[in-house]
Amino acid sequence: MRASVAVLAVLVLLPLRAAATCPADLPVTVVVSPKVPTADAPLRVVAVGTDGPVGTVGVRGADGRPLAPEVIRHGGPPWSVVATVEPVPGPLRAEVRRGTDVVGCAEVEVVAGSGTTAPDAPGTRAWEAGTTALYAAWIEHLFGAAEGQASTLTGLADVLHDPERNFLHDHLQLGEDGPGGRALVPKPDCADLPYVLRAYFAWKLGLPFAARACSRGGGGRPPTCGGLGTILPALGPAVPPFAGFLRRVMDAVHSGSARTGLADDATDFYPLALDRAALWPGTIYADPYGHTLMIVRWVPQAPDRPGLLLAVDAQPDESMGYKRFWEGTFLFADEPTSGPGFKAFRPLVARGGGVRARGNADLDGRDGIPAWSDAQIGLDPDEFYARMAALIDPAGLSPTAAYERTLDALAEQLETRVGSVDNGERWKRTHPGTVVEMPAGAAIFETIGPWEDYATPSRDLRLLIAIHVLETLPARIERHPELFVLGGRAPAQVRAGVEALHARAPAERTIAYTRSDGSTWTLTLAEVLARRAAFETAYNPNDCVEVRWGAAEGSDERAPCARRAPPAQQARMAQYRDWFRERRRPPR
C-alpha cells in the first residue's frame, strides 16, 4: 500500500440532511451510530485514518454549543477515534480537525423518540478504502481491551453485545445486540470467527459479503475453492434470518478456506506484505496446519516495554482468547499443501444481483486498500520470524527481555491449555461412561464432534513447538544478533548468558490445574519442560486430567486418576507419537 494514500472514514450511518454543509470531497467521511440517532441513547462518532493520527473530533448540537464527547483513540495504521456523546434532539454536526483544518464532517438529525430501522440491502455501500479501514477500526475497538496482556474471552456473544466494545451495538435498533438478540451470534471455531465478524459488519452497514466452498487440500496441493456461493441476501428487518445465514456460512467454511495458495485468485483471502502499513486489525493469519487467528491490535515498542502484536482465536470448545505473536503460536512453514501467512479478506464489489471478488492484479494498493503481495511465497520460516521481529520491535530487544517475553508467551499458552483440559473434564462429568471416539490417522487433527471439541492434538503439537522455541532461543540470538541489543558483547557470550537464565527462570514460574478429585496441583514451568515427552500422548479426553498433564504413574500427583483411554486408543496414540516428537503434522 502506498504510504501517500490518505483515507479517513467517520461512519455516517444516517444520510445527511438535504441542507448539509459538509463538502463531499473532504478526506474524512463521517458515520454515526445508531443508524437513526435518538435523544434517548448515546451517539457514537467514529473517525478512521490511514495516513496518520486522526486529529480532534468535535460534536455540536442544534444551538451550536459543543457536546463533550468521551473519546477513545487507537494507533495505526489505520488510526481511529471513537467519540461518544449524549445527543439532544435536532440537527447535530460532527467535525474532525487537524489543527485548524476541517478534514471531515457530517450532519445528522437526532430524533426525539425511539428509532427503528432495517439493514440496508447488501451492496448499498462498497468495500473501498474507507469501509475497509473502518472494519479494521471496528475489530481493534471490539478486542482492544487487552492492554498488551493475553487473556480469555467469555464468548463472541458477550463481546458483540457489549456497547463499550462494539460501536455498532444495536446500530439497526432491532434489539439485535440486546438480550433478545442472543441467538444472533453463533459459537464459531477459529476458521468461522473471521467470517462471522465480517458478515456481521457487512449486514449492519449494507456491504456485500460472500463466502466460497473450498477443499481441504491434499496430494501435495493446497486447498482450492469454487465460486462465491454463500452470498448475503437482503434479509429485511428481522434478526432470525441473519442468524440462519451465519449458520450457513459456518457450515460452508473450514480451515482450508484460509490455507488456499498464495497466488490463487479464486479465494476469500489474499496475502499481504510483511509491513506494518499492510497488517491492519482484521487481518487473518493462516498457519500451515489449519489454525486461524485474527490480528486485533499492535502495541508499539516503548523504551520501557517490548512491542506486541495481539490476535484472537476461537476454539471448537467455544472458548476464545488473546494470543501474542511468537513462533509458538503463529506457525509458519513452506508447505506444498498450504498457503500460510497473513491475509486479508478479498474486497467484494456488488454487481447486479450478485457480487464480484477483486483479483490479485486489481489489488495494487493505489486505492488505499492494502495490496496483494508475494512477500510470503516461498519464504524461509527463519526469515519470516526475523522480519516479524523487526516489525514488532524495530529498536531491537535485549536478549534478557526476549527470553522473558518468550517465557511469558509459553506460560500463557499453558494457562490456555488448563482451560481446554478443564472443558473436556466438565464434558466427561456430564456424560459419565461415554467414550469419545478417536479418529484414525491424520484425522485426529481434523474432525468434528466431541473429539474436535475436547481433544487437544493440535494445541499440544503447538505446545511442543513452543517448548522447542523457548529452548532454542539462545541459539537464535547467536544466529540473528541483528535483532537484539547486545551492548557490545559477542553473540556467543550473550548466548551463554541466556542459557544460564533458562537454567533457573522456568523453576520460578508456575501454573495450576484441577485434579480429578477437585484438588489443585501446581507445576513449575521447569517441570512442564521436563515432561515434554508426556505431552506427545496427552491429548485424549478419555484420559484423566492427571495423565493429560503428564503425571508419572504411581506418583502422589496421579493418585486421584480413575480413567484411562481404551487400550486400542492408547495403541494408536503410541503409533502417532512420532508426529509430536518431531513437531510435524502428517501430510494430507
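This is a predicted model: local features need pLDDT of at least 70, side-chain atom pairs count only at pLDDT 80 or more; totals for chains, interfaces and linings use all residues.
A disulfide (a pair of cysteine sulfur atoms within 2.5 Å) joins Cys544 to Cys561, with an S to S distance of 2.1 Å. The torsion about this S-S bond is about -100 degrees, so the disulfide is left-handed. Cys544 sits in the loop between helix H10 (525-530) and helix H11 (545-548), while Cys561 sits in the loop between H11 and helix H12 (567-575), so the pair ties together parts that are 17 residues apart in sequence. Helices (H or I, at least four residues) and strands (E, at least two) are DSSP runs, numbered from the N terminus. Cys544 is buried, at a relative accessible area of 1%; buried here means under 20% relative accessible area, exposed over 50%, and partly exposed in between, with a 1.4 Å probe and protein chains only.

Residues are numbered from 1 along each chain as its sequence is written, and side-chain values use heavy atoms, with hydrogens and water left out.

Back to the cysteines, where the count comes to three disulfides. Another of them joins Cys22 to Cys105, with the sulfurs 1.9 Å apart. That pair links distant parts of the chain, 83 residues apart: Cys22 is in the loop between strand S1 (8-10) and strand S2 (28-29), and Cys105 is in strand S10 (residues 101-110). Cys22 is buried at 13% relative accessible area, and Cys105 is buried too, at 5%. Then there is the disulfide between Cys214 and Cys225, at an S to S distance of 2.1 Å. Its S-S torsion is about 100 degrees, so this disulfide is right-handed. With Cys214 in strand S12 (residues 210-214) and Cys225 in strand S13 (residues 225-231), the pair ties together parts that are 11 residues apart in sequence. Both Cys214 and Cys225 are buried.

Numbered in sequence order, the bonded cysteines of the protein pair up as 1-2, 3-4, 5-6. Cys190 is in no disulfide, and the nearest cysteine sulfur, that of Cys214, is 14 Å away. Cys190 is buried as well, at 12% relative accessibility.

Pockets and cavities were found on a 1 Å grid over the protein atoms alone: a cavity is a set of points where a 1.4 Å probe fits but cannot get out, a pocket is an open set with protein on both sides within 12 Å along at least five of seven lines, and lining residues have an atom within 4 Å of a point. Grid points are joined across faces, edges and corners, and a volume is the space filled by probe spheres set on the points. The largest pocket comes out at about 840 Å³. Its lining holds 39 residues, and those nearest the centre are Asp189, Cys190, Pro316, Phe445 and Glu452. Two or more lining residues come from each of helix H4 (239-252), helix H6 (399-430), helix H7 (450-454) and helix H8 (457-479), and H8 gives the most, with five. By class, the lining has 13 nonpolar, 12 polar and 14 charged residues; Ala, Val, Leu, Ile, Met, Phe, Trp, Tyr, Cys and Pro count as nonpolar, Asp, Glu, Lys and Arg as charged, and the others, Gly among them, as polar.

The largest cavity has a volume of about 310 Å³. It is lined by 22 residues, with Glu327, Ala389, Leu397, Arg405 and Arg476 closest to its centre. Strand S17 (308-314), helix H5 (381-392), H6 and H8 each supply at least two lining residues, and the lining divides into 15 nonpolar, two polar and five charged residues. The second largest cavity holds about 150 Å³ of space. Among its 16 lining residues, Thr132, Arg198, Trp280, Ala344 and Phe345 lie nearest the centre. Helix H1 (129-143) gives the most to this lining, with three residues.
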